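Please study the sequence and the structure before reading each worked solution.

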Amino acid sequence: MGTRVAVIGAGSWGTAVAALVATNAPATLWARRPELAQEITTDHVNGSYLPGIQLPDNLGATGSLEEAVAGAEVVVMGVPSHGFRGVLTELAPHLSTTTPVISLAKGLEQDSLMRMTEVVKEVAPGISRPLGVLTGPNLAREVLAGHPAASVVALADEGIACELQELFSSGTFRVYTNPDVIGCEIAGALKNVIAIAAGMTDGMGFGDNTRAALITRGLAELTRLGIAIGGDPLTFSGLAGMGDLVATCISRQSRNRHVGEALGQGRVIDEIVAEMRMVAEGVKTSGPVVELSARHGVEMPIAEQVAAVISEGKTVPEAITALMQREAKTELYGIRG
């Protein structure tokens, strides 16, 4: 495949996706810091975000957005949700109105509550621009180590989705297609908030029953919100929903689960975040998720309690007590009409 691809954002997952693509097509990775771009190009490593991982020799990087997208036929946005609009605004003048844009971000914009594909429509409009996401249970180090994994590329246009499916696939990375962009984006954003809650239960020293209950009820929350916004209910039982939720809630590599565990141990959010090099999207997404659910009249008690711990000073024991003492409901409340 000769399609030229630009991956914008040299964090762990952006770098991993660029490395996957480089085995199938010419790829250029944009790094905010020129010295990191030089390291990736010259030494074929990303010591800041993926230490010890060797990258493909043919993967080049640059600190120039204009240079990164020059001649690109596909643009992959690997920038976190809180910085997505700013980078895209700089990038937009250099984009053709027909260039597909694929988001890797799993969050909502703070003030607008927009999904990232909605941000693209606003900042870089194009009548025929295909927009989509690549999402699923994809921990960067495991993918680059060649551990068998699967993901979903979601686009409304089936033909382009199939082309991108081929572009992102490898012998150990299996990609499926799904036309449900809304459902895949909502699942990706909310699972990070639920993972913080899962980490809280770990930090409190609770066991597998608690974790299983939390994940299952978290799945109910993201399904309720996704359906209310227009997502396909079946999406949430797939890789973008249940698959990503499980991986993020149980993995020791999960940044969001790590944040929750530290909160469960009694630490404060500012101290936890200050120690982290990489972004835990759920921290900034918890508030917007709760606002979005209120806008659509959807109950999301777990997300609400996570937001209260992060932003309102509520303690984790208080949050767990509030969840356990809620009025009893039917299991499928808000999902089955």
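**Exercise 1. Identify which helices each supply at least two residues of the lining of the largest pocket, and describe that lining.**

Solution. The model examined here is predicted.

Step 1. The helices that each contribute at least two lining residues to the largest pocket are α1 (12-22), α4 (81-91), α6 (140-144), α8, α10 (239-250) and α11 (255-264).

Step 2. The lining of this pocket comprises 42 residues, and those nearest the centre are Ser12, Trp13, Arg255, Met278 and Val279. The space in the largest pocket is about 1100 Å³.

Step 3. By class, the lining of the largest pocket consists of 17 nonpolar, 15 polar and 10 charged residues.

Step 4. Domain 1 (5-179) and domain 2 (182-325) each provide at least three residues of the lining of the largest pocket.

**Exercise 2. Determine which helix gives the most to the lining of the second largest pocket.**

Solution. 

Step 1. The second largest pocket holds about 640 Å³ of space. Its lining has 26 residues, with Ala213, Arg217, Ile302, Leu323 and Met324 nearest the centre.

Step 2. At least two lining residues of the second largest pocket come from each of α8, α9, α14 and α15. Helix α9 gives the most, with six residues.

Step 3. The lining of the second largest pocket divides into 14 nonpolar, four polar and eight charged residues.

**Exercise 3. State how many salt bridges the structure holds, and examine the pair of Glu185 and Arg115.**

Solution. 

Step 1. Side chains of opposite charge can pair when their charged atoms come close. The structure holds 16 salt bridges.

Step 2. In the salt bridge between Glu185 and Arg115, the closest N and O atoms are 2.7 Å apart. This pair links distant parts of the chain, 70 residues apart: Glu185 belongs to helix α8 (residues 181-203), and Arg115 to the loop between β5 (101-103) and α5 (116-123).

Step 3. A residue counts as buried under 20% relative accessible area. Glu185 has a value of 7% and is therefore buried; Arg115, at 10%, is buried.

**Exercise 4. Describe where the partners lie in the salt bridges Asp208 with Arg211 and Arg326 with Glu299.**

Solution. 

Step 1. The closest N and O atoms of Asp208 and Arg211 are 2.7 Å apart. Both residues lie in helix α9 (residues 208-229), three residues apart, or about one turn of the helix. Asp208 is exposed, at 58% relative accessible area.

Step 2. For Arg326 and Glu299, the closest N and O atoms are 2.9 Å apart. Arg326 is partly exposed at 34%, and Glu299 is partly exposed at 29%.

Step 3. Shared partners join Asp202, Asp208, Arg211, Arg252, Arg257 and Glu261 into one network of salt bridges.

Key. Residues numbered from 1 in each chain as written. Predicted model: local features only at pLDDT ≥ 70, side-chain atom pairs only at ≥ 80, totals over all residues. Heavy atoms only, no water. Salt bridge = Lys/Arg side-chain N within 4 Å of Asp/Glu carboxyl O. Helix = DSSP H or I, 4+ residues; strand = E, 2+ residues; numbered from the N terminus. Buried < 20%, exposed > 50% of the residue type's maximum accessible area, 1.4 Å probe, protein only. 1 Å grid on protein atoms, 1.4 Å probe; cavity = no way out; pocket = protein on both sides within 12 Å on 5 of 7 lines; lining within 4 Å. Points joined across faces, edges and corners; volume = space filled by probe spheres on them. Nonpolar A, V, L, I, M, F, W, Y, C, P; charged D, E, K, R; others polar. Domains from an automatic or database assignment.
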